[in-house]
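Subject: Structure handover

Hello,

Here is the structure we spoke about, with the sequence. My notes on what was found follow below.

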Amino acid sequence: MHIVIMGCGRVGSTLAHILEDSGHSVAIIDRDPQAFRRLRAGFRGRRVTGVGFDRDVLTEAGVESAAAFVAVSSGDNSNIISARVARETFGVDNVVARIYDPRRAEVYQRLGIPTVATVRWTADQILRRILPEGAEPLWRDPTGTVVLAEVTVNPSWIGTRVTDLEARVGTRAAFINRMGEALTITDDTVVQEGDVLHVVAAENDMDRINKVLAGAPEEDH
């Protein structure tokens, strides 16, 4: 695939190297020609100097044949405008924009532009390392309403089918981490000792889910 990256900072240059090593062709755009110094000497992709929302610049970068466009410059507005031009003018379906202000994520999501809110993501990663397990989600959607989170399960749930657990708790299990390996859920999957359960749920429902799973399952009457 051909991928166009706007922004040759640390993230953009790292993405360019990874994508090139994976066999993809890459063009990277930056308004500062000195930024291309971050690219390794053997980088074979195109280096295009200019702003990422300029149509001529995007054309020079090969956006018309691009399978994906990634906007990871240091400016929120530049990233979202570039992503919209790539999608709406050039018809690139697969676009991603990095933003620093997570409050804008919901607005961009409504425009159909997937975003990575770096401030919120970085904060989540730090909190997951300093707070107890399950205190912070592994992932949240840009609007902040749905999360993927680890949950602590009371040993009394051991031996329970995960499908039964879902029905009792009123949540959806995404997968189980068992002895370092991720397992998808089947009808026969049973909670075993040491399992780490991951659920997908509304963020405002996580307190209830954690409380229910921290206790013993209620007996059916």
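**Salt bridges**

Arg84 forms a salt bridge with Glu88, and their closest N and O atoms are 3.0 Å apart; a salt bridge here is a side-chain nitrogen of Lys or Arg within 4 Å of a carboxyl oxygen of Asp or Glu. Before the rest, the basis: this is a predicted model, in which local features need pLDDT of at least 70 and side-chain atom pairs count only at pLDDT 80 or more, while totals for chains, interfaces and linings use all residues. Residues are numbered from 1 along each chain as its sequence is written, and side-chain values use heavy atoms, with hydrogens and water left out.

Arg84 and Glu88 are four residues apart in helix α3, so about one helical turn separates them. Helices (H or I, at least four residues) and strands (E, at least two) are DSSP runs, numbered from the N terminus. Arg84 is partly exposed at 32% relative accessibility, whereas Glu88 is exposed at 51%. The cut-offs are under 20% relative accessible area for buried, over 50% for exposed, and partly exposed in between (1.4 Å probe, protein chains only).

The search of the whole structure finds six salt bridges. One of them joins the side chains of Arg40 and Glu20, at 3.1 Å from N to O. Arg40 lies in the loop between β2 and β3 (46-49) and Glu20 in helix α1 (residues 10-21), so this pair ties together parts that are 20 residues apart in sequence. Arg40 is partly exposed, with 30% relative accessibility, but Glu20 is buried, with 7%. Glu20 and Arg40 also belong to a network of salt bridges that includes Asp21.

Arg208 and Asp205 meet through their side chains in a salt bridge of 2.8 Å, N to O. Both count as partly exposed, Arg208 at 35% relative accessibility and Asp205 at 22%.

**Nonpolar cores**

The largest nonpolar core has 25 residues. Such a core is a set of buried Ala, Val, Leu, Ile, Met, Phe, Trp, Tyr and Cys residues joined through side-chain atoms within 4.5 Å. Val4, Ile29, Leu58, Val63, Phe69 and Val92 have the most contacts inside this core. At least two of its residues come from each of β1 (2-6), β2 (25-30), α2 (55-60), β4 (68-71), α3 (76-88), β5 (94-99) and α4 (105-110). The greatest contribution is that of α3, with four residues. Apart from this core lies another, of 16 residues, including Val147, Val151, Trp157 and Val169.

What is Phe69 in contact with, leaving aside its neighbours within four places in sequence? Its partners are Val4, Met6, Gly52, Leu58, Ser82, Ala83, Ala86, Val92, Asn94, Val95 and Val96, where contact means heavy atoms within 4.5 Å.

**Sheet and surface patch**

An open sheet of five strands runs in the order β7-β8-β11-β9-β10, with antiparallel pairing. Its edge strands are β7 and β10, each of which pairs on one side only. Two strands pair if DSSP finds at least two bridges between them.

Strand β9 (residues 172-178) pairs with strand β10 (residues 181-184) over four antiparallel bridges. Phe175 has Thr184 in β10 as its bridge partner. The hairpin of β9 and β10 has two residues between the strands, and Met179 there takes a positive phi near 55°. Strand β9 also pairs with strand β11 (residues 196-202), in the antiparallel sense over five bridges. Ile176 stands opposite Leu197 in β11.

Trp139 is found in strand β7 (residues 139-140) and is partly exposed, with a relative accessible area of 44%. Together with Val146 and Val200, Trp139 forms a nonpolar patch on the surface, with about 240 Å² of accessible area in total. Patches are made of residues with over 30% relative accessible area and no salt bridge, like charges being joined within 9 Å and nonpolar side chains (Val, Leu, Ile, Met, Phe, Trp, Tyr) within 5 Å. Accessible areas come from the Shrake-Rupley method with a 1.4 Å probe, and for residues only the protein chains shown count as cover.

**Overall figures**

The protein has seven helices and eleven strands. Of its 221 residues, 42% are buried. Among contacts with a separation of 6 or more, 53% are between residues 24 or more positions apart. The accessible surface comes to about 12300 Å², and 51% of this belongs to carbon and sulfur atoms.

Regards
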